[in-house]
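Subject: Structure handover

Hello,

Here is the structure I said I would pass on.

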Amino acid sequence: MDTDAKPSPAAYRNLALATLGFTLTFWAWDLIAPLGSWYGDRLALSSFQQSLLVAVPVLVGSLGRIPVGALTDKYGAKVMFPLVSAFTIVPVLLLIPAKHSYGAMLAVGFLLGLGGTTFAIGIPLVNSWFPPAKRGFALGVFGMGMGGVALSGYFTPRIAEHGEDLPFLVVAVALAAYAVLAFLLITDRPDRPVPTASLGARLGKAGRLRVTWELSALYAIGFGGIVAFGVYLPTYLKTWYALDPTDAGTKAAGFALVTVVFRPIGGWLSDRVHPALVTAGALGFVALLAIVQAFDPALDPGGTIALLCMAAGLGTASGSVFALVSQVTPQPQVGSVTGIVGAMGGLGGFVPPLVMGAIYSAKDSYSIGFMLLSDLALAGCVYAYGRMRTIRPTGEDSGSPEVSKVAARPS
C-alpha cells in the first residue's frame, strides 16, 4: 500500500461500521457493571463478590480476543463482525432470567465476555484499509468505540428505571440490527493477505515476537486502566463518596467519555511523534494523578479533576500503543498480534477491580490501590521511553522476516 495514498471512501465506510459495532458490543460487554450495586444489594454480595461479578466478562472478553483475532486474519471482518455481534445477543438476553442467582449471573457474565472480543476484529480491518501515515488516527477513531462503556454507564441505569429488563432488550435489538448492517456493508480489502498456516501456528508466530509482549505490558497498563475504571468506578464512587447508583454511573460515564475523546488524540500525536514518546508522557501523567487520588481528595473539585485527568492520560496511551502495533506488525499477523495485545490489555482490567475490592474489604480504604496504579504507570513510562522508542518501522513489506529491530528478536 502506498504510504502517501489517500484513504478511499470504502476505508471510511468500514471505519464507521467497525466503530459502531465496537461501541455496541462494548455496551453489551459492560451491561453488568452499571447495575453492579443493584445486583450487590439484591443478592447480598460482599465487596469482593460484586467485584468478581463485574470482572468476569472482562476476563473472558480479553482472552477471547486471541482466537478471534487469529480467526479474523483467516476469515475477515465481513464474516466475524456480524457473527460475533449476533452471538452476543444470547448472553444479553440471558441476563434477564439470571438476575435472581449469583451463580447464574457469573455463568452468563462468562458468556457475555464474547462482546469484548470485537476489538480484535476491528483493528485488522481498519489497519488494512488505511495507509501507514493515517493509521494512528484511524485506529484512534476506531478505539472511540470503547465509548460503549460510557453509553452503558449513562444509559443502562436510566433505562432500567423504566423497567429492570428493558436495558437488555434494547441492547439485544441494537445488536441484531447491527449484525444485519455489518453483513451487508462491511467489506474486507480485496488484496488482504490471507494466512494459510493453522491457527496454532499463527498464534505461535505472533507470540514469538518480543514486541508482542512488550506492547502487551504497556497496553495492560493503559487500556487495562480504562477497563478497570469502567467496571469498578461506579462501585468506588458509591462506596467512598456515597453517590447514588445513577449519579455514580453518570460520573463514570464522564470518565469513559474522556478516554474516548483522547484515544484518537493519542493516535494523531503518534502520526507525528514516535508513539513510544506519546505513551511515556501519557503514563507519566497518569502516575502523578493516581498519587493525588490516593490522598482521597474531596470529589468536588479535586477528585473529579484527578480522575478526569487520569482518563485523559489512559486514553492517550491506549491510542499511542496501538499506533505502535500498526507500525511494527506485518499485515498478515495484525489480527493475531492484536488479539494477544488486546487480551493482555483486557486482563490488565480484570485484576484491579478484584484488588480494589479486596483492599477495601481489608483496610476500608482505596489509597493502596491508587498507589499501585501509580507505580505501574510510572514503570510503563520509564520502559516506553527507555526501550520502546528505539523501535523503528521497516515499511510495509509484510513478508519480510525482520519486522523491526526489536520485533525480530524472539522473546
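The names refer to DSSP runs numbered from the N terminus, where a helix is H or I over at least four residues and a strand is E over at least two. Helix α1 covers residues 9-29 and helix α4 residues 77-98; their axes lie 10 Å apart at an angle of about 20°. Axes here are lines fitted to C-alpha atoms, for helices over the stretch in contact, with angles from 0 to 180 degrees between N-to-C directions.

This is a predicted model, in which local features need pLDDT of at least 70 and side-chain atom pairs count only at pLDDT 80 or more, while totals for chains, interfaces and linings use all residues. Residues are numbered from 1 along each chain as its sequence is written, and side-chain values use heavy atoms, with hydrogens and water left out.

Confidence

The mean pLDDT (the predictor's confidence in each residue, from 0 to 100) of the protein chain is 82, and 91% of the residues score at least 70. Contact means heavy atoms within 4.5 Å.

Helix packing

Back to α1 and α4: α1 passes α4 in a left-handed crossing. A crossing is left-handed if the near helix is turned anticlockwise from the far one by less than a right angle, and right-handed if clockwise. On the α1 side the contact involves A18, G21, F22, T25 and A28, which meet F81, S85, T88 and V92 of α4. By class, the residues of this contact are 5 nonpolar, 4 polar and no charged. In that scheme Ala, Val, Leu, Ile, Met, Phe, Trp, Tyr, Cys and Pro count as nonpolar, Asp, Glu, Lys and Arg as charged, and the others, Gly among them, as polar.

Helix α4 also packs against α9: their axes come within 8 Å and cross at roughly 165°. That makes α4 roughly antiparallel to α9. The crossing of α4 and α9 is left-handed. Residues of α4 in this contact include F81, S85, T88 and V92, and those of α9 include A172, L175, A176 and A179. The contact of α4 with α9 divides into 19 nonpolar, 2 polar and 1 charged residues.

Helix α8 (residues 148-160) packs with α9 at an angle of about 125°, the axes being 7 Å apart. The two helices, α8 and α9, are therefore oblique to each other. T156, I159 and A160 of α8 make the contact with L166, P167 and V170 of α9. Here the classes are 5 nonpolar, 1 polar and no charged residues.

Single residues

Accessibility is given as relative accessible area: buried is under 20%, exposed over 50%, and partly exposed in between (1.4 Å probe, protein chains only).

L169 is in helix α9 and, at 41% relative accessibility, is partly exposed. Leaving aside neighbours within four places in sequence, L169 is in contact with L93 and I96. From L169 to L95 the C-alpha distance is 10.0 Å, across 74 residues of sequence.

F183 is likewise found in helix α9; at 53% relative accessibility F183 counts as exposed. Its contacts outside four places in sequence are K78 and P82.

V231 sits in helix α11 (residues 210-241) and counts as buried at 4% relative accessibility. Beyond four places in sequence, V231 touches D30, A33, V54, V58 and P353. V231 and G349 are 118 residues apart in sequence, with their C-alpha atoms 8.4 Å apart.

Backbone geometry

Two places are worth a look. The peptide bond from D300 to P301 is cis, with omega near 5°, and P301 lies in helix α14 (residues 299-328). D296 is not a glycine, although its phi is positive at about 55°. D296 lies in the loop between α13 (275-294) and α14, and counts as partly exposed at 27% relative accessibility.

Regards

Conventions:
Parallel < 35°, antiparallel > 145°, perpendicular 65-115°, else oblique.
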